[in-house]
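Let's read a structure together, one feature at a time. Take a look at the sequence and the model first.

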Amino acid sequence: MSKKELTSDSKSTPKWLKTIQLNSWEAELLISALVLYTLFQIPDYLDEFSHTTFQRGSEFIRVFNFLEMGIKLLQIGYALHISVRGVWVASVGFSYVFPKGINQENLKFKGKFKKELEKKSSLVKNVLRLEELSSMIYGLSFTLFGSFIGMCSLTVSYTHLRAHETRHD
């Protein structure tokens, strides 16, 4: 395979990476829907497991409570991602149906509605903005969850360490 075949533009971005970037929304949407469904199932199992396995007031109960809060963050992130991606899919459909944009003269809006509509950018620009926004939400959900769980585990570890130090004094 020649170097020219591997790159798609002057910035040396491999073609395979461009293809993945263009088609990642399908997997992204499927994964989000499956993860969101799973995330709504997990808290009940975690709650039942933690209360039947550990004593009330146990440090492990706190860990499970932190995990449940992290799952709530993911639920919000994935629900937001699916909503924005749904608007993106609708915008892609509009840009296909109206490749030259919407003819604003046919809408016959007047006054402030017409001015507001004239300020709006093209459908293609909106599709690109929504693409970026939904991808950022998708990645940010994972990042926030990981950061939250990391901070919580440090807090629980520190509390556990302090409890042992106090016990030995």
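Q: Which residues does Ser134 touch, not counting residues up to four places away in sequence?
A: Contact means heavy atoms within 4.5 Å. Ser134 touches Glu28, His81, Val84 and Arg85 by that rule, with residues up to four places away in sequence not counted. Before we go on, please note that this is a predicted model, where local features need pLDDT of at least 70, side-chain atom pairs count only at pLDDT 80 or more, and totals for chains, interfaces and linings use all residues. Residues are numbered from 1 along each chain as its sequence is written, and side-chain values use heavy atoms, with hydrogens and water left out.

Q: Where is Ser134 found, and is it buried or exposed?
A: Helices are DSSP runs of H or I with at least four residues, strands are runs of E with at least two, and both are numbered from the N terminus. Ser134 is found in helix α6, residues 123-168. For burial, we call a residue buried under 20% relative accessible area, exposed over 50%, and partly exposed in between (1.4 Å probe, protein chains only). Ser134 counts as buried because its relative accessibility is 0%.

Q: What joins the side chains of Ser134 and Arg85?
A: A polar contact is a pair of N or O atoms within 3.5 Å; within protein, one must be able to donate a hydrogen and the other to accept it, and residues adjacent in sequence count only if both atoms are side-chain atoms. Here the side chains of Ser134 and Arg85 are joined by one of 3.0 Å.

Q: How many helices and strands does the protein chain have?
A: The protein chain has six helices and zero strands, so reading along the sequence gives α-α-α-α-α-α.

Q: Where does Ser32 lie, and which residues is it in contact with?
A: Ser32 lies in helix α2, residues 15-53. Ser32 is buried, with a relative accessible area of 0%. Leaving aside neighbours within four places in sequence, Ser32 is in contact with Tyr78, His81, Ile82 and Tyr138.

Q: Which residues make up the largest nonpolar core?
A: A nonpolar core is a set of buried Ala, Val, Leu, Ile, Met, Phe, Trp, Tyr and Cys residues joined through side-chain atoms within 4.5 Å. The largest one has eight residues: Leu36, Leu39, Leu46, Phe64, Ile71, Leu74, Tyr78 and Tyr138. Helices α2 and α3 each supply at least two residues of this core, and the largest share, four residues, comes from α3. A second, separate core of five residues includes Trp88, Val127, Leu130 and Ile137.

Q: How far apart are the C-alpha atoms of Gly86 and Leu130?
A: They are separated by 9.7 Å, while Gly86 and Leu130 are 44 residues apart along the chain. Gly86 lies in helix α3 and is partly exposed, with a relative accessible area of 36%.

Q: What part of the protein chain is buried, and what part of its contacts join residues at least 24 apart?
A: Buried residues make up 21% of the 169 residues in the protein chain. Among contacts between residues at least 6 apart in sequence, 72% join residues at least 24 apart.
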